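Please keep the sequence and the structure in view while reading.

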Amino acid sequence: MSEKKPSVLQGFKTFLMRGNVIDLAVAVVIGAAFTNIVNSVVKGVINPLVGAFGTKSLEHYSSCLKAPCKIAEDGTVTSGIPILWGSVLGATLTFLITAAVVYFLMVLPMSKYLARQEARRKAKEGTQEIIEVTELEVLKEIRDELVARRAAGHDRPQGPGQG
């Protein structure tokens, strides 16, 4: 007999309903929105700070591979081959700030939360095991007492008030 294989559409539906895809989609949307905030911080705060200490904004730092390098105000290269290392540095700063904020505000707290949940679960299981062991010990004691009474000849059950 041959087993019926699930169709491609059923497999796709199972994949979508697994939950990971929805979590990933939410993460991408939040990441995109957060990246805009970080880009604004880099362009609006960090670049001007670099400009205050240097001679120009971070985006304008470049080296010329083939002289003479001339770049128009709109960013187009009019002559030469410029290497725009300032914009690469800005993008790197954006990435590092984004990664740090995601780690410290999302990943680290979630890891601590999950660790606490796991510790609580293990503590609860440990308590349950102690209770089960205690009940087992009581039952063993009752059994041993009954065996001892039978061995002593007191094998008829005693009711309340009989002793």
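This is a predicted model: local features need pLDDT of at least 70, side-chain atom pairs count only at pLDDT 80 or more; totals for chains, interfaces and linings use all residues.

Glu118 forms a salt bridge with Arg121, and the closest N and O atoms of the two are 2.2 Å apart. Arg121 is partly exposed as well, with a relative accessible area of 38%.

Both Glu118 and Arg121 belong to helix α3, which covers residues 85–151, and they are three residues apart, which is about one turn of the helix.

## The pair Glu145 and Arg149

A salt bridge also joins the side chains of Glu145 and Arg149, with 3.3 Å from N to O. Because these two residues are four residues apart in helix α3, about one helical turn separates Glu145 from Arg149. Glu145 is partly exposed at 42% relative accessibility, and Arg149, with a relative accessible area of 34%, is partly exposed too.

## The pair Asp144 and Arg143

The side chains of Asp144 and Arg143 meet in a salt bridge in which N and O are 3.1 Å apart. Asp144 has a relative accessible area of 43%, so it is classed as partly exposed, and Arg143, at 48%, is likewise partly exposed.

## The count

How many salt bridges does the model have by the rule of a side-chain nitrogen within 4 Å of a carboxyl oxygen? The count comes to three salt bridges.

Conventions:
Residues are numbered from 1 along each chain as its sequence is written. Side-chain values use heavy atoms; hydrogens and water are left out. Buried means under 20% relative accessible area, exposed over 50%, partly exposed in between (1.4 Å probe, protein chains only).
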